[in-house]
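This report covers the surroundings of a ligand and an open pocket in one protein model. The sequence and structure come before the details.

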Amino acid sequence: MLPWVELGRAKVPGGDEFRLMQRGDEFTIFAGTIGLMGSRQSGSEEVMADIAFARVGGRAKARVLIGGLGMGFTLRRVLAKFGADAEIVVAELVPEIVSWARGPLAGLHGTSLDDPRVTLKLGDVGNVMAADAQKFDAILLDVDNGPEGLSRPGNDRLYSAGGISAAKAALRPGGMAAIWSVAPDPKFTKRLGQSGMKVEELKARAHGGKGARHVIWVATRG
Ligand SMILES: C[S@@+](CC[C@H](N)C(=O)[O-])C[C@H]1O[C@@H](n2cnc3c(N)ncnc32)[C@H](O)[C@@H]1O
């Protein structure tokens, strides 16, 4: 078997370290020893974009917030689906993730970050939700392994009751938030339900209809 080769390291603000590793044509971003994002497992990341398009893709000048960039699978699918008048804001906490997107992972990302519909905001997606008064039709939150975070303790607040109300407040009426997780989390499902939004818990396979079943909560603002 081919060995993993380390391509780069990044300090996560308020957290540990990410490492970008390559094995043949496969890339993985590790948080410690756990794979946070792999280039061969993009199914559920793309399904988040498909759900958003199905729910709000028909709106004129749809505004979509993606947090975070990772390997850009969600972003590229949003760009492929949404129209020319859409505005897509990508919030990414770790500057090196963007450098890798323009460097060793450029073959995956293509020109997506230069698409005129895309605005990249370096920083915490929680701050973007709080600061952007224009509001979003869709928020696609995939910043961690799920509500029980892996990247940094600070991400817990995004999944707290306060974080959920901030996401709700950042949505336009009828807008939706999709939240990704590697596994179910009944406590988070309950918290999300207490927000007053309509909540669905969907499952999506990791790769081409196969592999692990990831969880995507869809919360719709009435
Ligand atoms: C699992 S990856 C995202 C995968 C992405 N959906 C894709 O299609 O490749 C998680 C990303 O979120 C970023 N991140 C972690 N915490 C964040 C935060 N609080 N705000 C914004 N980005 C964050 C990480 O640096 C990483 O790039």
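## Lining of the largest pocket

Strand 4 provides four residues to the lining of the largest pocket, the largest share of that lining. The model is a predicted one. Strand 3 (26-31), like strand 4, supplies at least two residues of this lining.

In total, 15 residues line the largest pocket, and those nearest its centre are Gly35, Leu36, Met37, Gly38 and Gln41. By class, the lining divides into seven polar, five nonpolar and three charged residues. The volume of the largest pocket is about 180 Å³.

## Location of the ligand and its shell

The ligand sits in the largest cavity. Around the ligand there are 24 residues, of which Met71, Thr74, Glu92, Asp142 and Asn155 come nearest.

At least two residues of this shell come from each of strand 4 (34-38), helix 2 (73-81) and strand 6 (87-92). The shell holds 13 nonpolar residues, together with six polar and five charged ones.

## Polar contacts and burial of the ligand

A polar backbone atom of glycine 70 is 3.0 Å from an oxygen atom of the ligand, and a polar backbone atom of valine 125 is 2.9 Å from a nitrogen atom of the ligand. Asparagine 155 takes part through its side chain, with a polar atom 2.8 Å from a nitrogen atom of the ligand. The protein buries 99% of the 600 Å² that the ligand exposes when taken alone.

Definitions and conventions. Residues are numbered from 1 along each chain as its sequence is written. This is a predicted model: local features need pLDDT of at least 70, side-chain atom pairs count only at pLDDT 80 or more; totals for chains, interfaces and linings use all residues. Side-chain values use heavy atoms; hydrogens and water are left out. A residue is near a molecule or strand if one of its heavy atoms lies within 4 Å of it. A polar contact is a pair of N or O atoms within 3.5 Å; within protein, one must be able to donate a hydrogen and the other to accept it, and residues adjacent in sequence count only if both atoms are side-chain atoms. Accessible areas come from the Shrake-Rupley method with a 1.4 Å probe; for residues, only the protein chains shown count as cover. On a 1 Å grid over the protein atoms alone, a cavity is a set of points where a 1.4 Å probe fits but cannot get out, and a pocket is an open set with protein on both sides within 12 Å along at least five of seven lines; lining residues have an atom within 4 Å of a point. A molecule sits in a cavity or pocket if more than half of its atoms lie within 2 Å of its grid points. Ala, Val, Leu, Ile, Met, Phe, Trp, Tyr, Cys and Pro count as nonpolar, Asp, Glu, Lys and Arg as charged, and the others, Gly among them, as polar. Grid points are joined across faces, edges and corners, and a volume is the space filled by probe spheres set on the points.
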